[in-house]
Amino acid sequence: MTKGEIVAGCLAPHPPHLVYAENPPQNEPVAEGGWEQLRWGYERLRESLADVEYDAIVLLSPHWQTYVGTHFLGLPHFKNLSVDPVFPNLFRYHYELDIDVELSQQIHDRAAEAGLATKMMNNPDFRVDYGTITTGHMFNPGWDKPFVVISSNRSRDYYSVEVMQEMMMELGRVTREAILASGKKVVVLASNSLSHRHFTTESAIPEDMSKEHITSHAMHLWDMRMIEYFRTGQAQRIIDEMPEFTEQAIAESDGGGLTWLLSTLDLPTYPGILHGYGTIIGTGNAIVEWPARNHKEA
Amino acid sequence: MRNGELIGSYIVPVHPHTILVPEQNEGWSRLREAYDTAAQRIKDSGADLLIIYSTTWPSIIGHQIIADPNPEWVMVDHDFHDLGSIPYSFNIDEDFAHAWDKANEKRGLKSRTVAYHGFPIDVGSVVALKLLNPDNSIPAVIVSSNVYANRSETTVLAKACMDVVKATGRKAVAVTAMSLSNRMFTTPIEPKDDRIHSLKDDEWNRKILEFLGEGRLEDVGQLSRTIHQQIRVNKVVAFKPMWWLSGMNQNRNNLTGEVLAYEAIHGAGGAVVHLDPTPSGTGDKEYDEDDVEYFAGERNVLDAEHDVIVEAESITEPVSKAIETNGPALWEPTESEDSVNSNAAPKPVGAYPHARRVGDLLYLSGVGPRQPGTNSIPGGPIHDENGNPLNYDIKAQTQAVIDNITRILEEAGGSLADVLDVTSFLVDMDRDFQGYNEVWAETLGQVGPTRTTLAIKALPTPIAVEMKVIAKAPATD
């Protein structure tokens, strides 16, 4: 069998504001635009991958939060209405997505063999979290690729960032192994923001960009520090500084997605491509692609 | 309409085991039986409103309140999806939800109502409402747990809720859907092997339940931060429900408590507790925190032109403040035959006397809380010179009105005991009636005049209360 491949790994944040601003037919609310810098960033990401063939998208979402291990969507098709419990005024999205159950099971099995607590999610009434749907739409609005959707094990909440990283490094390693063994070409997505301190009020017009900015200078500094590491191929430094970043920037990396992503890419030393950066209700969000297809092992 | 009241409070567990698979574990079964007991007690109490504060519904933009009159969906737990699905159809009191939202705003809170088809009602609320109100006979309302809220905001949320309970004459039951210790096993377990995750968690849980069993709710509230540090997984939603529930119960520490069950659910501490408002005589609190009436901590973070210093200046505490010069002009009280005027009373805002004697009666002009000489308003003005609303203390204003009435009556040779009839005017009946009424009860309520209380749009100066008085005139020589 042909060896599988990770063609790209991407940091692909999921604030529902992006889908809201796009006005896709699947979403009920209507916007006057907004957050263009990030939406254009997603456009550039899509263009970057437009001519790249791949079979599936493997995504880890911090909004499918599980405390009893790591879970994987295990049915071939999901169709439902996703309403954001925090921003229901912005996101009420009618979704349909396909699951690559075979690849999902393969990653699950390898994770279980590695000693991680795992579970397949086989309940047809389950509603897929809005983080998955938002990133899924922004990355691939045609929804023409099957997904593997992985939950966010809240080991950071239970233990520490260090323990979370140990587990996510391991999950990333087995994810990579499973993909390579599957013979499939895959894009891996970590659906999370960087600094994650929200505003606690919302402007009368949510898409009023005159009100949008980072919540504090400290958050901006942390985001830029991380982006510099992204752009200069310093994955190990990101891992090393993750505890401080997660604590001080209240970063959404607490869900493990960024660590897992870098691990699936084997801690890339090549530059990531920054497609966009912007704030959403005060949080920092970067769209970054690591073009692993251009950096294959010799 | 009679005054509304809180007739009971319950603490209930959030995980779906009690509704989906209680038979798989004796402890889960006992929790289910306790849930059923609580449901029967609520039904027998004649409650006409269930208020759910759920820790499994986090929010960011303030608090959110379900206002869909009939939300229907099928809920599946993110972790325990293999236990099954929970279809639900609830009877939500949308009018109360909107009134609570408005009351929150009046007390300085950010909140909003939610009424969207398909909105994902959280597992804690679904389990609690399905089991406590199985036939949907009691209208309910559900509020989120704001991840950024601390004690003051959570306490004020409760007070705003009680404003509406009282104003609408409801017999309400408050419910917190929550775990005690919330550390679950991080791996799957067999149902028969379930137990509290650690001995330390179990000991803390039992101490909390000892307090609750003695009705010492406020003590638990004041220990919330410590409890959270000791036995709570550091999730974004802290051990806030005790703040809210204590606020709903006037921060009392002498309720009548009963622990109906305490068991493990996948390692977390689940309990069903009933707190009855009947005084138990347990005793005072160990210590006390500030009793916050109005939330003034919100930062104006959306406005990039304001930094923190300016925002801090915008926080308004109720203070006695003189009316700015752009208020109505002050007049000397008019002098005429039988008029009564006092230098110890505030100057009128028009050409009229403080009072006038007619036969055996004294007719007082409308009396407000402004102070003679300084023209300051005890409890603070209700808005600034630009019309921006300010926090104020209605009790202080009401007391100042009564003090001014006393001064005028004393000028006439009488006293407060001579008051026969009062017409009171409030600019915000929902917010202020309770506080006004409490001061009344302690002062004029002891005298016994007839009374009429009206809500009006505004008064000439930035005050919240004014009284029009008819009193017996002291005998003249």
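Mentor: Let's start at B:Pro22, in the loop of chain B between helix H1 (17-20) and helix H2 (26-45). Bear in mind that this is a predicted model: local features need pLDDT of at least 70, side-chain atom pairs count only at pLDDT 80 or more, and totals for chains, interfaces and linings use all residues. Residues are numbered from 1 along each chain as its sequence is written, while chains are lettered from A and ligands numbered from 1 in the order in which they are written.

B:Pro22 has 19 other C-beta atoms within 10 Å, so it is partly exposed. Leaving aside neighbours within four places in sequence, B:Pro22 is in contact (C-beta atoms, placed from the backbone, within 7 Å) with B:His17, B:Trp28, B:Ser29 and B:Arg32. B:Pro191 is 169 residues away from B:Pro22 in sequence, yet their C-alpha atoms are 9.9 Å apart.

Now follow the chain into H2, where you'll find B:Ala38. B:Ala38 counts as buried because it has 25 C-beta neighbours inside 10 Å. Beyond four places in sequence, its contacts are B:Tyr10, B:Val12, B:Leu132, B:Leu260, B:Val272 and B:His274. B:Ile11 is 27 residues from B:Ala38 in sequence and 9.8 Å away, C-alpha to C-alpha.

A nonpolar core is a set of buried Ala, Val, Leu, Ile, Met, Phe, Trp, Tyr and Cys residues joined through C-beta atoms within 7 Å. The largest one has 174 residues, and those with the most contacts inside it are A:Val148, B:Val141, B:Val175 and B:Val272. B:Val175 touches B:Tyr10, B:Val12 and B:Leu132, among others. A separate core of 34 residues includes B:Leu409, B:Val419, B:Phe433 and B:Met467. In soluble globular proteins, nonpolar side chains tend to be buried together.

Step back to the domains, whose bounds come from an automatic or database domain assignment. In chain B, these are domain 1 (5-276) and domain 2 (316-472). Their centres, taken over C-alpha atoms, are 43 Å apart. Six residues of domain 1 are in contact with five of domain 2. On the domain 1 side, helix H3 (94-106) and helix H5 (151-167) of chain B each supply at least two residues, and H5(B) gives the most, with three.

What about chain A? There, 32 residues of chain B are in contact with 31 residues of chain A. Sorted into nonpolar (Ala, Val, Leu, Ile, Met, Phe, Trp, Tyr, Cys and Pro), charged (Asp, Glu, Lys and Arg) and polar (the others, Gly among them), the chain B side has 17 nonpolar, ten polar and five charged residues.

To finish with the whole of chain B: it has 13 helices and 18 strands, and 50% of its 477 residues count as buried. Of its contacts with a separation of 6 or more, 78% join residues 24 or more positions apart.

Key
Helix = DSSP H or I, 4+ residues; strand = E, 2+ residues; numbered from the N terminus. Buried ≥ 20, exposed ≤ 12 C-beta atoms within 10 Å, placed from the backbone. Contact = placed C-beta atoms within 7 Å.
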